[in-house]
Amino acid sequence: MKHIKLRDLDVSRIGLGAMGMSGVYTGHGTDDAESVRTIHRALDLGVTLIDTAEIYGPFVNEELVGRAVRGRRDQAVLATKFGLVSHAGGGPGVPGPDSSPANVRAAVEGSLRRLGTDHIDLGYQHRVDPDTPIEDTVGALAELVAEGKVRHIGLSEAGPDTIRRAHAVYPVSALQTEYSLWTRDVEAEILPLLRDLNIGLVPWAPIGRGFLTGRIRSTDQFDATDRRLTNPRFTAENLQHNLALVDEVEAVATDVGATPAQVALAWLLAQGDDIAPIPGTKRVTRVEENTAADQVALTAEQLDQLNHLTPAAGDRLEAEMSRLVNL
């Protein structure tokens with residue numbers, strides 16, 4: 001597995017998103033044993049960047065990741081996120097956002113305990129808190145860095161002004177945001193800014209919430225609790241339009257001799273050596289498929305085809321989720 005740098009943080013250029021292992025995405029039952037095997041297999045294949053968050057579960061996903069890396073901590077770059085759970089009052093936590101300095105400290109202490117480690121390699125603010133100046137949040141993180149509890153800091157779904165202000169307080173190592181063949185908004189302003197500031201990019205949903213695998217042809221395939229049912233890109237009319245896009249990806253995949261998911265990841269990797277996507281899965285077979293994208297080389301002609309796919313129909317997020325994006 002090739003490695004890249006997120007500023008000064010060395011990571012495998014394909015990571016692993018653990019969110020779905022705790023039933024967050026689809027509502028299907030969980031299989032912790034298979035999830036642990038998946039994390040172990042990822043580590044065996046050279047994946048180092050493992051991504052989780054306190055809100056996943058909540059809390060149980062961090063505990064799962066902690067169990068999985070026990071005895072192999074030195075092989076993993078653990079990334080977790082805070083800010084969508086408020087710990088005010090010392091209780092079990094209520095929905096945020098809350099990135100106040102006191103909450104940042106409480107969240108990090110809890111994550112360390114659940115992950116079973118003495119440090120978080122990459123600590124992200126999960127979403128920008130409109131009620132807390134980003135300078136205060138980053139200042140609190142900088143204190144935790146000084147104490148050795150967090151090694152590098154990151155932001156998630158932050159807008160350009162917030163990124164600049166945060167970086168002026170303490171160097172930001174990575175921005176996590178959605179980026180894929182059907183979600184390319186980041187290219188207009190954010191990606192150039194990240195490169196000006198030497199901040200790495202960690203794309204989530206790099207395979208379009210599974211759509212770019214080519215396996216989704218109808219929402220009838222989804223469980224009734226699947227969150228994609230409320231996503232604008234999966235509504236009946238938009239889904240039919242977007243099938244043209246995935247058909248075009250499949251055509252390139254056939255030409256390459258790879259799967260559509262591998263082509264989607266290889267396209268992202270070709271966008272620069274400062275990008276580390278974190279495809280999510282809870283199955284060994286899928287992590288093997290995804291990590292094999294590290295060996296897929298796309299020609300200039302194939303990249304050009306992928307750069308000119310049919311544009312996706314529908315907003316990338318539901319209205320409620322969009323309100324905390326690009327602040």
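Predicted model: local features only at pLDDT ≥ 70, side-chain atom pairs only at ≥ 80, totals over all residues.
I began with His 119, which, leaving aside its neighbours within four places in sequence, is in contact with Arg 73, Leu 112, Gly 148, Lys 149 and Arg 151, contact meaning heavy atoms within 4.5 Å. Residues are numbered from 1 along each chain as its sequence is written, and side-chain values use heavy atoms, with hydrogens and water left out.

**His 119**

I placed His 119 in the loop between H3 and E8; helices (H or I, at least four residues) and strands (E, at least two) are DSSP runs, numbered from the N terminus.

A polar contact of 2.6 Å joins its side chain to that of Asp 294, and the residues in contact with Arg 13, leaving aside neighbours within four places in sequence, include Met 1, His 3, Leu 269, Pro 277 and Asp 294. In helix H9 (residues 284-291) I listed Val 284, Val 287, Glu 289, Asn 290 and Thr 291 as the buried residues, and their cover includes strand E3 (16-17), helix H1 (32-44) and H8.

**Cavity**

I searched the whole structure and found 1 cavity of 30 Å³ or more, with about 40 Å³ of space in the largest cavity. On a 1 Å grid over the protein atoms alone, a cavity is a set of points where a 1.4 Å probe fits but cannot get out, and lining residues have an atom within 4 Å of a point; grid points are joined across faces, edges and corners, and a volume is the space filled by probe spheres set on the points. Strand E5 (77-82), helix H3 (101-115) and strand E8 (120-125) each supply at least two residues of this lining, which includes Phe 82, Ser 111, Ile 120 and Val 150.

**Cores and Val 249**

I asked which residues touch the most other members of the largest nonpolar core. They are Ile 163 and Leu 306, out of 77 residues, in a set of buried Ala, Val, Leu, Ile, Met, Phe, Trp, Tyr and Cys residues joined through side-chain atoms within 4.5 Å. The largest share of this core, 8 residues, comes from helix H8 (residues 260-269). Apart from it lies another core, of 17 residues, among them Ile 4, Leu 122, Ala 276 and Val 325. I also looked at Val 249 in helix H7 (residues 236-256), which is buried, with a relative accessible area of 0%. Not counting residues up to four places away in sequence, Val 249 touches Leu 181, Leu 212, Pro 260, Val 263, Leu 306 and Leu 309.

**Backbone**

Most residues other than glycine have a negative phi, and most peptide bonds are trans. I therefore noted the exceptions under that general rule. The peptide bond from Gly 57 to Pro 58 is cis, with omega near -5°, and Pro 58 is in the loop between strand E4 (49-51) and helix H2 (60-69). Arg 7 has a positive phi near 60°; Arg 7 lies in the loop between strand E1 (3-6) and E2 and is partly exposed at 22% relative accessibility. Asn 198 likewise has a positive phi, of about 60°, and this residue lies in the loop between helix H6 (190-197) and strand E11 (200-204), partly exposed at 43%.

How values were computed: 1 Å grid on protein atoms, 1.4 Å probe; cavity = no way out; pocket = protein on both sides within 12 Å on 5 of 7 lines; lining within 4 Å. Buried < 20%, exposed > 50% of the residue type's maximum accessible area, 1.4 Å probe, protein only. Polar contact = N/O pair within 3.5 Å; in protein donor to acceptor, adjacent residues only side chain to side chain.
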